Amino acid sequence: MKYRRKQPDTFEAIQFTGDNLSEVLAFVDGTLYSVATDSPYRTALVFRTPSSNGMLYRGDWLVRNLETGKMERCGGERFEKEYVEVSETKNERQLNGVEP
């Protein structure tokens with residue numbers, strides 16, 4: 001039988017706090033469509049990417065798969081259950097100029 005090694009995908013993510021619009025804009029690299037308010041208390045960022053469209057509310061995360069580039073919205077509770085922060089490997093640190 002042939003086998004292949006399973007490896008988890010690696011993601012980048014940013015949480016929309018309501019006060020970090022410029023950081024979210026930099027993260028989506030210009031794919032933000034608009035800012036909308038659906039009530040006096042809820043502001044949403046409407047985003048459009050080649051892979052999906054959606055609304056990002058305060059507390060939500062925007063997650064990008066580093067291999068495919070696909071972005072998706074992830075609610076805060078789901079994000080906490082499904083994602084863990086990872087540290088860079090030695091090779092990644094070398095590529096980023098942190099280690100010789």
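## A buried aromatic pair

Phe79 and Tyr83 are both buried (under 20% relative accessible area; exposed means over 50%, partly exposed in between, with a 1.4 Å probe and protein chains only). This is a predicted model, in which local features need pLDDT of at least 70, side-chain atom pairs count only at pLDDT 80 or more, and totals for chains, interfaces and linings use all residues. Residues are numbered from 1 along each chain as its sequence is written, and side-chain values use heavy atoms, with hydrogens and water left out.

## Aromatic pairs

The structure holds 3 aromatic pairs. Rings of Phe, Tyr and Trp (its six-membered ring) pair if their centres lie within 6.5 Å; planes under 30 degrees apart are stacked, over 60 edge-to-face, and the rest tilted.

Phe11 is partly exposed at 31% relative accessible area, while Tyr83 is buried at 16%. Tyr83 also stacks with Phe79, at 4.9 Å centre to centre and 20° between the planes. Phe11, Trp61, Phe79 and Tyr83 form one aromatic cluster.

## Nonpolar cores

A nonpolar core is a set of buried Ala, Val, Leu, Ile, Met, Phe, Trp, Tyr and Cys residues joined through side-chain atoms within 4.5 Å. The largest one has 10 residues, including Ile14, Phe16, Phe27 and Met71. Helix α1 (21-28) and β3 (42-48) each give two or more residues to this core, and α1 supplies the largest share, 3 residues. A second, separate core of 5 residues includes Trp61, Val63, Cys74 and Phe79.

## Salt bridges

There are 4 salt bridges, each a side-chain nitrogen of Lys or Arg within 4 Å of a carboxyl oxygen of Asp or Glu. In one of them, Glu12 pairs with Arg64, with the closest N and O atoms 2.7 Å apart. Glu12 lies in strand β1 and Arg64 in strand β5 (residues 61-65), 52 residues apart. Glu12 is partly exposed at 34%, whereas Arg64 is buried at 16%.

Arg73 and Asp60 also form a salt bridge, 2.8 Å from N to O. Arg73 is partly exposed at 36% relative accessibility, and Asp60 is buried at 7%.

Note on methods:
Helices (H or I, at least four residues) and strands (E, at least two) are DSSP runs, numbered from the N terminus.
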